[in-house]
Amino acid sequence: MDAREKKRKAAKASLEFIEPGMTVGIGTGSTVNELIELLPSIGDRINKVVSSSQASTDLLNEKGFEVTRLNEAGPLDVYIDGADEANKRLHLIKGGGGALTREKVLAGAARRFVCIVDETKLVGMLGEFPLPVEVLPMAQSFVARQFTKLRAQPVWREGFVTDNGNHILDVHELNISNPLEMETRLNQIPGILTVGIFAHRPADILLIADDDGVRELRA
Ligand code: 5RP
């Protein structure tokens, strides 16, 4: 089974967490794109949809969904999104698609966060995937120096501007043996808008697709 089929399986499994009348948050990325493809099949269950990126909003619109802004939607009943890495405590690295800030807001606003991945995303320790960090453009060099002091290698995602008009640093070789502590520590650096570690607000449910089916881990 190829990676895309696994992503589709994880996406399909997440549909059962969407119950009639729910306000649903939708994330960003190739796994979520599979979900958006499937969403019309249960469209009648959805009251409102909120999206974490312009890319997902465009796809949702194509599928006939009107997207509500979070400020008008109120709390989300469920938020469904992918991840770049996940550990067994359901801490995540996110932001490979650069949508981490809005993703973190929607995860925070959601009663339940369902994360959909294929088996390659499950890791023992976070950090092999370079950590995406959204930074204010004027603070980019300053923030990069702070990572160098932590013996990590920040790489500017050249030519990429987030939906919020900011830049992304992809930070290689950062030691994330304690995701909660590292998220807290990085959040103190001025100029960082969002760190791609989702430990203080982890997923509630992790759906992991492999050749045999979809496994479920709960926090
Ligand atoms: C986007 C994200 C995505 O959830 C993450 O990059 C996973 O993407 P994919 O499903 O394409 O592997 O955080 O900002």
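How many salt bridges does the rule find across the interface of domain 1 and domain 2? The rule finds one, a salt bridge being a side-chain nitrogen of Lys or Arg within 4 Å of a carboxyl oxygen of Asp or Glu.

This is a predicted model, in which local features need pLDDT of at least 70 and side-chain atom pairs count only at pLDDT 80 or more, while totals for chains, interfaces and linings use all residues. Residues are numbered from 1 along each chain as its sequence is written, and side-chain values use heavy atoms, with hydrogens and water left out.

**View 1. The two domains.** The domain assignment, which is automatic or from a database, gives domain 1 as 3–123 + 200–218 and domain 2 as 131–195. Their centres, taken over C-alpha atoms, are 24 Å apart. Domain 1 brings 16 residues to the contact and domain 2 brings 18 residues; contact means heavy atoms within 4.5 Å. About 1,400 Å² is buried between the domains, and carbon and sulfur atoms give 53% of that area. Buried area is the accessible area (1.4 Å probe) that two parts lose on being put together, summed over both.

**View 2. The salt bridge of Glu-183 and Lys-104.** The closest N and O atoms of Glu-183 and Lys-104 lie 2.7 Å apart. On the side of domain 1 that touches domain 2, helix α5 (residues 100–109) gives the most, with four residues. Helices (H or I, at least four residues) and strands (E, at least two) are DSSP runs, numbered from the N terminus.

**View 3. Asn-166 in a loop.** Asn-166 sits in the loop between β8 (153–156) and β9 (167–172). Asn-166 counts as buried because its relative accessibility is 6%; buried means under 20% relative accessible area, exposed over 50%, and partly exposed in between (1.4 Å probe, protein chains only). Beyond its neighbours within four places in sequence, Asn-166 is in contact with residues including Phe-160, Val-161 and Leu-193. Its side chain makes a polar contact with the side chain of Glu-134, at 3.0 Å. A polar contact is a pair of N or O atoms within 3.5 Å; within protein, one must be able to donate a hydrogen and the other to accept it, and residues adjacent in sequence count only if both atoms are side-chain atoms.

View 4. Most residues other than glycine have a negative phi. Leu-90, not a glycine, has a positive phi of about 70 degrees. Leu-90 lies in the loop between β4 (85–86) and β5 (92–93) and is buried, with a relative accessible area of 0%. Glu-173 has a positive phi near 60 degrees. Glu-173 lies in the loop between β9 and α7 (179–187) and is exposed, with a relative accessible area of 61%.
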